[in-house]
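Please read this report alongside the sequence and the model, going from one region to the next.

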Amino acid sequence: MKEGKPSFTAEGTVALRYAEWLVPEKERMCHDPLAKDFVPTKFRIIGKSRLLAKIALWGVERLVPGMVGLIVGRTRYIDDYLKVRIEEGIEQMVILGAGYDSRAYRFDKLKGKVAVFEVDFPATQRVKMEKVKRIFGSLPDNVVYVPVDFDEKKLGAGLFESGYDVNLKTLFIWEGVTPYLTAEAVDETLAFVAQNSGEGSSIIFDYILQSALDGTYKRKQVHRIRKAWERIAQPLTSESFGFGIEDGTIEEFLTQRGFRQVVDTSGEHFESAYFKGPNDNLRVWHTVYATVAPQAQP
Ligand SMILES: C[S@@+](CC[C@H](N)C(=O)[O-])C[C@H]1O[C@@H](n2cnc3c(N)ncnc32)[C@H](O)[C@@H]1O
């Protein structure tokens, strides 16, 4: 992340959701109509025609096979999880590293009922807030913007100052963020969630396997991700992958940090659940959800 600049990865992510929105509905994996309003000007050319949108998706897939499926697949998966949690009666939602996540604005059942806290780097959040004002005329009453750098260990202070209620059943969404953090920032954030949320709270996030980071993952796809990242993203941003979880250890990892009912979902699941036709999906990425374990009584 360049000092004082909005996150490039947040921009790239919403651009892919925008391109996906432009493909015919029956072919679409995720449905984010607001992506067109959040997408930065430099990516708007994608919307000039369906053909350009398809070319953009094809181009990204050529560079990094599986990347499109990863991004739009995880958005769909998290949307599906959110729908279930809304029906179960969540009372509060926290979006960690929100970028241009539009869930607070496109899920009608949240509006006026569930307080949503959007946490992000100040520079990214400023741009988001300007866009929200432009789209809706003002900032919605039920969305609270919390500027925080996870590396500075101020998540708790930021949320409490913003009216976060520790007693409410809360859903934490952490989409596309953990690979960019330090292990300390990941631990710090998970500790906050485990120790400061009401009964029945849960978290959903995606993570990359450690083997993909240290180069021991076998598939050549991983090598291509690295190359594409160095060529395209590194010159534009200093955001880089630094955190991964050892293959097969996520349940232990989360249990040790105060979570239970861990459900880990790999690329294969996304492929069979959402993708139609052949797709060399990114198996190095997983999405997991888990419930906060009840606190031990002192
Ligand atoms: C790939 S984007 C994902 C954005 C959004 N969650 C989505 O899926 O569209 C990564 C997000 O994490 C945020 N982020 C990365 N490192 C962060 C940190 N140390 N503190 C706060 N936010 C961070 C970035 O600002 C950006 O919004």
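Is Gln261 buried, partly exposed or exposed? Gln261 is partly exposed, because 13 other C-beta atoms lie within 10 Å; the scale used here calls a residue buried if 20 or more other C-beta atoms lie within 10 Å of its own, exposed if 12 or fewer, and partly exposed in between, with C-beta atoms placed from the backbone. Gln261 belongs to strand S6 (residues 259-265), and its phi is near 50°, a positive value in a residue other than glycine. Helices (H or I, at least four residues) and strands (E, at least two) are DSSP runs, numbered from the N terminus.

This is a predicted model, in which local features need pLDDT of at least 70 and side-chain atom pairs count only at pLDDT 80 or more, while totals for chains, interfaces and linings use all residues. Residues are numbered from 1 along each chain as its sequence is written.

**Ligand shell**

Around the ligand there are 23 residues, of which Ser7, Thr9, Gly97, Gly99 and Gly176 come nearest; a residue is near a molecule or strand if its C-beta atom, placed from the backbone, lies within 6 Å of it. Helix H1 (residues 8-22) supplies the largest share of this shell, 4 residues. By class, the shell has 11 nonpolar, 7 polar and 5 charged residues, where Ala, Val, Leu, Ile, Met, Phe, Trp, Tyr, Cys and Pro count as nonpolar, Asp, Glu, Lys and Arg as charged, and the others, Gly among them, as polar.

**Nonpolar core**

In soluble globular proteins, nonpolar side chains tend to be buried together. The largest nonpolar core in this model has 77 residues, and those with the most contacts inside it are Tyr18, Met93, Val116, Val119 and Ile173; such a core is a set of buried Ala, Val, Leu, Ile, Met, Phe, Trp, Tyr and Cys residues joined through C-beta atoms within 7 Å. H1 gives the most to this core, with 8 residues.

Tyr18 has its place in helix H1 and counts as buried because it has 25 C-beta neighbours inside 10 Å. Not counting residues up to four places away in sequence, Tyr18 touches Ala35, Lys36, Val39, Phe43, Ile46 and Gly47, two residues being in contact if their C-beta atoms, placed from the backbone, lie within 7 Å. Ile173, when its neighbours within four places in sequence are left aside, is in contact with Ile78, Met93, Ile95, Leu96 and Ile204.

Helix H6 (residues 122-136) has 15 residues, which at 1.5 Å a residue should span 21 Å, and its end C-alpha atoms are 21 Å apart, in agreement; the expected span of a helix is 1.5 Å times one less than its number of residues. In H6, Thr124, Gln125, Lys128 and Val132 are buried. They cover an arc of only 90° around the axis, so they are on the same side of H6, the arc being that of the directions from the helix axis to the C-beta atoms. Glu130, Lys133 and Arg134 are exposed on the other side of H6, while the buried residues of the helix pack against H1, strand S2 (115-120) and strand S3 (143-147). After H6 comes Gly137, whose phi is positive, near 90°.

For helix H8 (residues 183-195), the 13 residues should span 18 Å at 1.5 Å a residue, and the end C-alpha atoms are 18 Å apart, which agrees. Its buried residues are Ala185, Val186, Thr189, Leu190 and Val193. Seen down the axis of H8, these fall within an arc of 130°, so they line one face of the helix. Ala183 and Glu184 are exposed on the other side of H8, and the buried residues pack against strand S1 (92-96), helix H7 (155-161), strand S4 (170-174), strand S5 (202-208) and strand S7 (285-292).

**Pairs separated in sequence**

The table lists pairs of residues with their separation in sequence and their C-alpha to C-alpha distance.

| Pair | Separation in sequence | C-alpha to C-alpha distance |
|---|---|---|
| Tyr18 and Asp32 | 14 residues | 7.3 Å |
| His223 and Ala212 | 11 residues | 8.6 Å |
| Leu82 and Ile204 | 122 residues | 9.2 Å |
| Leu52 and Leu22 | 30 residues | 9.4 Å |

Leu82, in helix H4 (residues 67-87), counts as partly exposed because it has 19 C-beta neighbours inside 10 Å. His223, in helix H10 (residues 220-233), is exposed, with 12 other C-beta atoms within 10 Å.
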